[in-house]
Amino acid sequence: RSNRLESDFYSFQDLLTPVEQDAALRIRDFMEREVRPIADDYWERAEFPYHLIPGIAETGVIGTMWPESARFPNSALFRGWAALELARVDASFATFVGVTSGLAMGAIGVGGTDAQRAEWLPPMGRGEIIGAFGLTEPLAGSDTARGLRTTAARTGDTWVLNGAKRWIGNATFADVTVILAKDTADDQVKAFLVRKDAPGFTATKMERKQSLRGVQNADITLEDVEVPETDRLQRIDSFKDLAGVLGPTRVGVAWEAMGIAAGAYEAALRYAGEREQFGRPIAKFQLVQQKLADSVADLTAGIAVCVRASQLEEAGTRGDAQASMAKAFCTARMRAVVARCREILGGNGILLDRGVARFFADAEAVYSYEGTRDMNTLIVGRAITGHQAFV
Ligand code: FAD
């Protein structure tokens, strides 16, 4: 097929339905036309191109998972593929979409009542309301399942939230942030929709990141923030209920990792054909071919894992460990690919404007968020041995 990506060696794209393929091409076209030309500059300035939000929403890539917001019939496979399409051009942009569409809308879709879903999902799907998802804290990272310090105390129909969050993507500008906090009455995690103008809610941009610089991560403080019971997600009663949110997004991050690897690989392949040394293109050298061949094999293996994880998702039979394996495996393969691709470019591999350095740097954050490689590996370890190693 003429529209097959160079990085899609086994034509996985053909597994999408015709409607999904059209949507994938719409997303690709938007990313190539609007995002690629500016991605490096925004990354360097650590800014986000807010003006592109209506355009990306127009492609239908936000809110694909829920009937209230999906623009066309689509499968888990399509949703994964869309993450790849976004990340192969700009992983910061992919993360922006992943946070509002996957995490924030995911929490509302899984945890909201029908009325809450009807209120929030349609405008969020249109990109008119942007969401963030606040789980991680300064003192709780890998151990958020037990280690949250942020508290929610109920008096009558009002909750009062106190605490701090860290690393919260989109939160500097999001209209609504889903805040996870421990109920002081039963010590269980509950989820609250906190609007950006809520008194006592402050989100401060984290500066000096060297990875995913376009993502606007925030340090959040919550000082006696009042949230009505009607803005508590009614179907989240404990941390366990978040599995329905974090499972799909973990598979999504595995796809995103393959997108980053694809972006770096395609740039390195092009460069190898153009750059000449010893009187010939470096693509003619066996050692360069090996790096490219190993990279496309890593991509193919990783995408195959993603495809199957998404098929299990669609069938409703994917377990937590399958999501974790996809995330751990694909982020490790991504890291190997971007390192080889950076090497193929020689010195140019560390220059932003030669197409690989941004992917190389962004891979590091993707390797660690949504559960580090270690934690996801240990979740697989627990599933296959029956022994939990991380506590
Ligand atoms: P730590 O938990 O402190 O881990 C440090 C190291 O110790 C890691 O290598 C880890 O694997 C290892 N380790 C910890 N425990 C064990 C163990 N039991 N066994 C073996 N090794 C262990 N969070 C949100 O809630 N919302 C967001 O929108 C969001 N966006 C993010 C965006 C970016 C760019 C980044 C970098 C992070 C984001 N996060 C977000 C937070 C992210 O999920 C955490 O960084 C991640 O869960 C790891 O937590 P930590 O950084 O505190 O590392």
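What covers the buried residues of helix α11? Part of the answer is α9 (320–344), but let's start with the ground rules. Residues are numbered from 1 along each chain, following the sequence as written. The model is predicted, so local features need pLDDT of at least 70, side-chain atom pairs count only at pLDDT 80 or more, and totals for chains, interfaces and linings use all residues.

The protein has eleven helices and nine strands, taken as DSSP runs numbered from the N terminus (H or I, at least four residues, for helices; E, at least two, for strands). Buried residues account for 51% of its 391 residues. Here, buried means 20 or more other C-beta atoms within 10 Å of a residue's own, exposed means 12 or fewer, and partly exposed is in between, with C-beta atoms placed from the backbone.

Now look at strand β1 (residues 131–134), which is covered on both faces. Gly 131 and Phe 133 are buried on one side, Ala 132 and Gly 134 on the other. β1 runs parallel to β4 (residues 176–183), joined to it by four bridges; strands pair if DSSP finds at least two bridges between them. Across from Gly 134 you'll find Ile 179 in β4.

Back to α11 (residues 373–385). Its buried residues are Asn 376, Leu 378 and Ile 379. Seen down the axis of α11, these fall within an arc of 160 degrees, so they line one face of the helix; the arc is that of the directions from the helix axis to the C-beta atoms. On the face turned away sit the exposed Ile 384 and Thr 385. Just after α11, Gly 386 takes a positive phi of about 85 degrees.

Conventions: The expected span of a helix is 1.5 Å times one less than its number of residues. Two residues are in contact if their C-beta atoms, placed from the backbone, lie within 7 Å.
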